[in-house]
Amino acid sequence: MLASFPNMGLSRVAFKTLVECMGVDVVLPDPTNREAIKIGVKYSPEFVCFPFKATLGDLKNALDKGADTLIMAIDCGPCRFGFYASVQERLLKEMGYKNFRLIPLDQADLLSFRWLRLIFKIGPSNRLTLYTKALKAVRFFLKKAKHLEDIQTAEGIFRAYERNQGDTTRVVNKLVKQLDETNTIQGLRAFRNVIKDTFNNMDIDKTRNPLRVGISGEIHISLEPYVNLDIRRKLGEMGVLINQSISLYDWIVHKFHLNYHRKWLEHLARPHLPMDIGGEAVWVIGEYIDTATAGFDGFVHQYPFTCMPEVTARTIITNHLQKIYDLPVIYFSFDEQSGSEGFRTRLEAFVDLLHARRDKKIEDQKISIDAYKKIAYDHYGNNFYNECVQFVQTK
Amino acid sequence: MKVGIPRALHYYKFFPFWKKLFDELNVEIILSSPTNKKLVEVGVMHGFGELCLPVKVYYGHALQLVEEHPDLDFLFVPRYVSELKESYWCPKWISLPDVIKILPNCPRLLNFEVNVKEFPIATAVIELGKQLGKSQSASLEAYKKAQKYYDEYLEFLRKGVSVIHALRLVLRDVSFKVPKRKSKGSIKFLLLGHAYNLFDTYVNLDFAKKLNDQDVEVITIENLPEHIFKEQVIVNKKLLNYWRHEEEIMQAIRYFLTKGRNEIDGVIFLISFACGPDSLISELIMHDMKAVGIPYLAIIIDEHSGDAGLLTRIESFTDMIKRKKQKQRAASKQKIKSTIKVS
């Protein structure tokens, strides 16, 4: 049996562990590329949202590489995500692939533990080792997902300070490769320090005062760098400090009802949108308010073209929240038309405006830039984020 | 007490229920005018590009009410989350009050949340009565009557009356009576789509009338017998089809794909641009139609609708079907003749 799953940025490392620990061979689809998206667009319904097309391309690529078991996440929320797996299965069958099975990984409520049965399904038939293997798989999966989140957080901060452009990208690639190869529990436990040390040994310029921007949006778009035109790297190389709290780990922990950060965001968003309407709408609104009160300089909202929940979130932010919180926001709706130069121009203009705005604010209020930063309330971001920020700010 | 109701979106589905409910509670209803050009323009100005047309039109209606009736006590923007367990309405319906309440000078919204997952509809009605200053028993009484009236309305629709006509009767407070002059045509189409696309004659450029002019008889989902909608459609065993309206569309289609194969000559699906649910459903339906061989036409509408282009498409579609039918008839006649000769 050869299992596979669609791409979602670096999360492939975590998913790979989950399947491999069950004693199943994994074949990874190629990193999302033009060819995969072309195929996805060709076979998908015309107006479906973009992640559908991208993942369909990935699944086809995996089947071409010889996979016979596909794992695809599903949801049963009000947005289109719940239809992905079943419609994709149908489309793939129509494309001529007959001998494969598609296992939907239901993530409606992970506390119901129905997903364990699905993990058992892909596992070996030997009942004796099944439970220990599943336990190990889940444990490794969570650990690796957490480390990936930490890498992402550190990446956003350190790229704004790097002396030689491209250093951070190299460090991240190295770390991800290393994480992929670490397959012992001791190694994973020690990995947090590895991440810290590697980033702390980077050649950084601590005298800089980068702009701070929060990023949020639909999860597949936010995590897959090919799809979002590597927005975090582009912004970082313009000298902007970025924090994106959305990650695979964040999502999984939320589904176990243990994510207090997301609960806090829901609390913030409640007066404006009282219930979860699918996608990340509620949390995007919460994140917007959170970053605004934390004294950030800007906000980026990214979503697939015509995504129903995110469009609602965008409406609420532009029509209402922006007037209250006065945090500049830029929207990117992604689809298969990717013009990277126009995109870069928009980002540059946004960053320029943010610079001008910050300078004016500091001049008007006659305060130093350090005092300006202190407007932030200090319980923003997770532990690791704060550690990194502290390291960067101590001279 | 005055309550404003925008004549868009849920109006085409639930208005009789609301009307009876508010009548019983002694509340005056003020409707916005039927959709017109100015209304759509205002709505489009307020909503940005990626929203679907029905929501933009809704903006227009709500803003017109706010502007022309400053003495409104409430604006009625219900929140329909789920009507059955394990089902949802579209996310844009669910978040509609949150989007409307931030419009400029918007009066207070009348909160009415239909969410069967959490509480029964009666609770929602009691909540509604509280905001209007009515007692619990009065609201419950009104709810019972409204539900009965709404069931009668649905029953009336199943007799084959068009929704536009039925809504007119409801507005005039006339009792339901099937009109004598029924529309007849040489061919029969099933017109699929959401109620707010099918029965808003401005948005769809009077689609039903265009078809009638081509000598086509039109039926919609609302005209179909109840038993069709009893059983769930299974697209794929792993899939729970949770969108309520889409489920109805699929059930209707299933009927015509199987038992009712010969009852209709073609299917037209009206989709508004950027409609999330329909983007997937229409694809599924198209595949099925190809397999069975019922002619199928999907028309996507947005605010830039050109009348002439639409007419051309309808004409060519109906002409094709008519010709096909003639051919079939001629062929069958020939067959009969030849069999007579042989005998």
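I started with Ala274(B), which is buried, with a relative accessible area of 4%. Buried here means under 20% relative accessible area, exposed means over 50%, and partly exposed is in between, with a 1.4 Å probe and protein chains only. This is a predicted model, so local features need pLDDT of at least 70 and side-chain atom pairs count only at pLDDT 80 or more, while totals for chains, interfaces and linings use all residues. Residues are numbered from 1 along each chain as its sequence is written, chains are lettered from A and ligands numbered from 1 in the order in which they are written, and side-chain values use heavy atoms, with hydrogens and water left out.

**Backbone angles**

Ala274(B) has a positive phi of about 70 degrees, although it is not a glycine. I noted this because most residues other than glycine have a negative phi. Ala274(B) sits in the loop between strand E9 (266-272) and helix H12 (276-292) of chain B; helices (H or I, at least four residues) and strands (E, at least two) are DSSP runs, numbered from the N terminus.

Leu9(B) is another non-glycine with a positive phi, of about 55 degrees. I found Leu9(B) in the loop between strand E1 (2-5) and helix H1 (11-24) of chain B, buried at a relative accessible area of 3%.

**Cysteines**

How many disulfides are there over all chains? The count is zero, taking a disulfide as a pair of cysteine sulfur atoms within 2.5 Å. I checked Cys90(B): its closest cysteine sulfur, in Cys275(B), is 6.4 Å away, so it is too far for a bond. For Cys275(B), the nearest cysteine sulfur is that of Cys52(B), at 6.2 Å, and Cys275(B) is in no disulfide. Cys90(B) is buried at 18% relative accessible area, and Cys275(B) is buried at 8%.

**Salt bridges**

I found 37 salt bridges over all chains, each a side-chain nitrogen of Lys or Arg within 4 Å of a carboxyl oxygen of Asp or Glu.

In chain A, Arg262(A) and Glu280(A) form a salt bridge at 3.2 Å, N to O. Arg262(A) is in helix H12 (residues 260-269) and Glu280(A) in the loop between H12 and helix H13 (281-293) of chain A, so the pair ties together parts 18 residues apart in sequence. Both Arg262(A) and Glu280(A) are buried.

In chain B, Arg79(B) bridges to Asp98(B) at 3.1 Å, N to O. This pair links strand E4 (residues 79-82), which holds Arg79(B), to helix H5 (residues 96-100), which holds Asp98(B), 19 residues apart. Arg79(B) is buried at 7% and Asp98(B) at 2%. Asp98(B) also forms a salt bridge with Lys101(B), at 3.6 Å, and Lys101(B) is partly exposed at 38%.

**Helix H1 of chain A**

Is this helix mostly covered or mostly open? H1 (residues 12-20) of chain A is mostly covered, with seven of its nine residues buried. Among them are Phe15(A), Lys16(A) and Leu18(A).
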